[in-house]
Amino acid sequence: MANVIIGIHGLGNKPTKEVLEHWWKQAMIEGLKSNQYKTLLPKFELVYWSDIVHEKPLDLNETDENSPYFLDEKYTKAADNFPAEDHSTLRKVIDFINRQLHQIFLNDDLTLNYSYIADTIISKYFKDLEIYYTEDCTLENEATCKAKELIKQRLITVLEKYKKHQIMLVAHSMGSIIAFDVLRFVAPQIPIDTLVTIGSPLGLPVVISKIAAEQKLNHQHFNHMVTPQSVTKNWFNFSDILDKVAFSYNLSAEFKENNSGVKPIDFLVVNNYEINENRNPHKSFGYLRTPEFSKVLNEFILSERINLKQKIVRIASQIIQKIGQPVAPKQTTTTNQPN
């Protein structure tokens, strides 16, 4: 059975699918090489949904930094001198705040207190998530209201395409919410060998309350979160302690094991994405090349069972793809944005 990696990106506008897919592959390959793994990346496909909520993609050729289509955070290789920092005290503070937030905002039945506060925060800082969670459909917001189903369908289509393969699903940021919804409620029949969440907001009270509400709509009346039954072997969750989107990083405390005994295994990692001396600890590229992710990726690749002919075809395909790689222009400047 051939292995395939499926990725799904997070919130915010993106460059074209071709460019973003290529950069995800480059980040994973960089991680494998820098961590001394000699495995080759198997088939990879990115589930791209940015075009559903954004009129135009970010433009590699845009030079006006004030343009909404200016791409300020391109893929770059990790710096050799990325600083190692001790965040043990910060972790204790974040753990304490997380406990308090859950007690304040979540009831025992996982309904949300002070929902207007959460709605205000989402509306101001997470526009894509606000669109995704739009529930009241009117003639005025019909297109927005349909976005959630269109986004989920993108992932369903790709999962169906590879359902006879051994799948590793890598979900970044808001992509982890989409992935969870699809695996839990829409396509539980498609087996996922390994689920990987990076920079995930799944542990935030507002997200937990939304999942709980969906469970009730699907007549699943229990007051806790459960790993999707379709995840058959592993769920790995990677978070940087400085990643504000993954603030509630301890998913193992929130999601109970499924019938296969799978529940999240949490890793605190160092996301080393930096461009023009500006760091973004939420960036997907940084997560995809961490030693911890590379180890999981390498083990997944080694679990594949294909014959010599299939290996030769894959190597040839990778060479052809490398020859036709899109080349990114030189970076100019950046600001730290969730991406």
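User: Which helix gives the largest share of the nonpolar patch?

Analyst: In this predicted model, the largest share comes from helix α4, residues 115-125, with 3 residues. The patch on the surface is formed by Ile104, Tyr114, Tyr116, Ile117 and Ile121, which together have about 490 Å² of accessible area.

User: What makes tyrosine 116 count as buried or exposed?

Analyst: Tyrosine 116, which is placed in helix α4, has a relative accessibility of 55%. The label exposed requires a value over 50%, and therefore tyrosine 116 counts as exposed.

User: Why is the aromatic pair of tryptophan 24 and phenylalanine 44 called stacked?

Analyst: The structure holds 10 aromatic pairs. In the pair of tryptophan 24 and phenylalanine 44, the rings are 6.1 Å apart, centre to centre, with 15° between the planes.

User: Why is the pair of phenylalanine 236 and phenylalanine 267 given the label it has?

Analyst: The ring centres of phenylalanine 236 and phenylalanine 267 are 6.1 Å apart and their planes stand at 50°. Stacked needs planes under 30 degrees apart and edge-to-face needs over 60, so the pair is tilted. Phenylalanine 236 belongs to strand β6 (residues 231-239) and phenylalanine 267 to strand β8 (residues 264-268), so the pair ties together parts that are 31 residues apart in sequence.

User: Why is strand β2 described as largely enclosed?

Analyst: Of the 5 residues of β2, 4 are buried, so the strand is largely enclosed by the rest of the structure. Strand β2 is also joined to strand β1 (residues 3-8) by 5 bridges, and the two run parallel. Within this arrangement, isoleucine 6 stands opposite glutamate 45 in β2.

User: What makes the contact between lysine 17 and glutamate 45 a salt bridge?

Analyst: The side chains of lysine 17 and glutamate 45 meet at 3.8 Å, N to O. The cut-off is within 4 Å, and therefore the contact qualifies as a salt bridge. The pair links distant parts of the chain, with lysine 17 in helix α1 and glutamate 45 in strand β2, 28 residues apart. Lysine 17 is partly exposed at 30% relative accessible area, whereas glutamate 45 is buried at 11%.

User: How do you know that the salt bridge of glutamate 73 and lysine 283 links distant parts of the chain?

Analyst: Glutamate 73 and lysine 283 form a salt bridge of 3.5 Å, N to O. Glutamate 73 is in the loop between α2 (50-53) and α3 (88-105), while lysine 283 is in the loop between β10 (278-279) and α9 (284-288), 210 residues apart. Glutamate 73 has a relative accessible area of 2% and is therefore buried, and lysine 283, at 1% relative accessibility, also counts as buried.

Conventions. Residues numbered from 1 in each chain as written. Predicted model: local features only at pLDDT ≥ 70, side-chain atom pairs only at ≥ 80, totals over all residues. Heavy atoms only, no water. Patch = residues over 30% accessible without salt bridge, like charges linked within 9 Å, V, L, I, M, F, W, Y side chains within 5 Å. Areas by Shrake-Rupley, 256 points an atom, 1.4 Å probe, with all protein chains shown as cover. Buried < 20%, exposed > 50% of the residue type's maximum accessible area, 1.4 Å probe, protein only. Phe/Tyr/Trp six-rings, centres within 6.5 Å; stacked < 30°, edge-to-face > 60°. Pairing = 2+ DSSP bridges.
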